[in-house]
Structure formats: C-alpha cells, structure tokens
Amino acid sequence: MWAQAVTVGWERITGGRRPHQTSDGTFTANRSATITTDSALLRGLLLDEGGRTVLFPGQDPELRSRPTSKSIRLGLSDGVAEIAITPKHDGRATIAVQHAKLSSSEEVAHWKAFWGDWLDALDEGQVGPTRAG
C-alpha cells in the first residue's frame, strides 16, 4: 500500500497521473453521506428496475451486481457506480458511492455534484425512502 501511494504521488507530481485518475487512465468520483433513510427499503429500490426509475428519473441505470452482493453496482450512461449502504442503529445509514470508469476530470466534477445532490435529495425525502420502518 505504501509503495502504491508513493507511486501515485510521483505520477501526479511529474504529470503522469491527474487527480482522481486510476492506473487504467479512467477517472473515479466518490461521495458519501450519513442520512436518515430506511436502508433495507433503499437497497430494495436499487435492486428493483422500477425502484431505480424512482431513484434516478430520466436515466436508465442497469443492475450489474448480484442481489446478494454487499454493494450494488449500476451501469450508467457514464461509467459504473457502486453504492454501499451501511445501516446505523438510529434510523440513519451511511451511503458511499464510487463512480468509476469516467473518461475525464470534467466528468468527475459533474458526477461528484450529481451524487452530492442525490444524497441530499434522499436525506430531504425528495426521492426514495426517508424513514426507518
């Protein structure tokens, strides 16, 4: 791990790798938040085609993981998003999104903003489940 961090740091200093760029040349955007939500219901919506329509209006996310997988992978118009849901004991959950296979740093900025807005909308009850059942 330490050697990898040194290598990435060196590549960035010398211009060989840009921020958020992976070794294969693509880019990754990450966002996370702890929000009030029913984590089981959210997971169910992410696994269900109709539920994904509710969560991502105007998009057509494709399920790319098994229903039993710990994280849920979705194919989007740009790249692949992996969503991990960690329930808390107080009716909240930590939602972590890693959106990989993006082609540019501009896409990183776009998708980081998108995921931030999406997480805010979930927390405010504007989309998806808002309360533990």
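This is a short tour of one predicted chain, from its overall layout to a few side chains worth a look.

Some ground rules before we start. The model is predicted, so local features need pLDDT of at least 70 and side-chain atom pairs count only at pLDDT 80 or more, while totals for chains, interfaces and linings use all residues. Residues are numbered from 1 along each chain as its sequence is written, and side-chain values use heavy atoms, with hydrogens and water left out.

**The chain as a whole**

The chain holds 4 helices and 5 strands; these are DSSP runs, H or I of at least four residues for helices and E of at least two for strands, numbered from the N terminus. Going along the sequence, the order reads α-β-α-α-β-β-β-β-α. Of its 133 residues, 36% are buried, meaning under 20% relative accessible area, with exposed being over 50% and partly exposed in between (1.4 Å probe, protein chains only).

**Salt bridges**

Side chains of opposite charge can pair when their charged atoms come close. The rule here is a side-chain nitrogen of Lys or Arg within 4 Å of a carboxyl oxygen of Asp or Glu, and it gives 2 salt bridges.

| Pair | N to O distance |
|---|---|
| Glu62 and Arg64 | 3.8 Å |
| Asp90 and Arg92 | 3.1 Å |

In the Glu62 and Arg64 pair, Glu62 is partly exposed at 45% relative accessible area, and Arg64 is partly exposed too, at 41%. Arg92, the partner of Asp90, is partly exposed at 33%.

Lys101 sits in strand β5 (residues 92-102). Its phi is positive, about 70°, although Lys101 is not a glycine. Most residues other than glycine have a negative phi.

Then there's Glu107, in helix α4 (residues 105-123). Glu107 counts as buried because its relative accessibility is 19%. Its side chain makes a polar contact with the side chain of Ser103 at 2.9 Å; a polar contact is a pair of N or O atoms within 3.5 Å, where within protein one must be able to donate a hydrogen and the other to accept it, and residues adjacent in sequence count only if both atoms are side-chain atoms. Leaving out residues up to four places away in sequence, Glu107 touches Asp78 and Leu102.

Definitions and conventions
Contact means heavy atoms within 4.5 Å.
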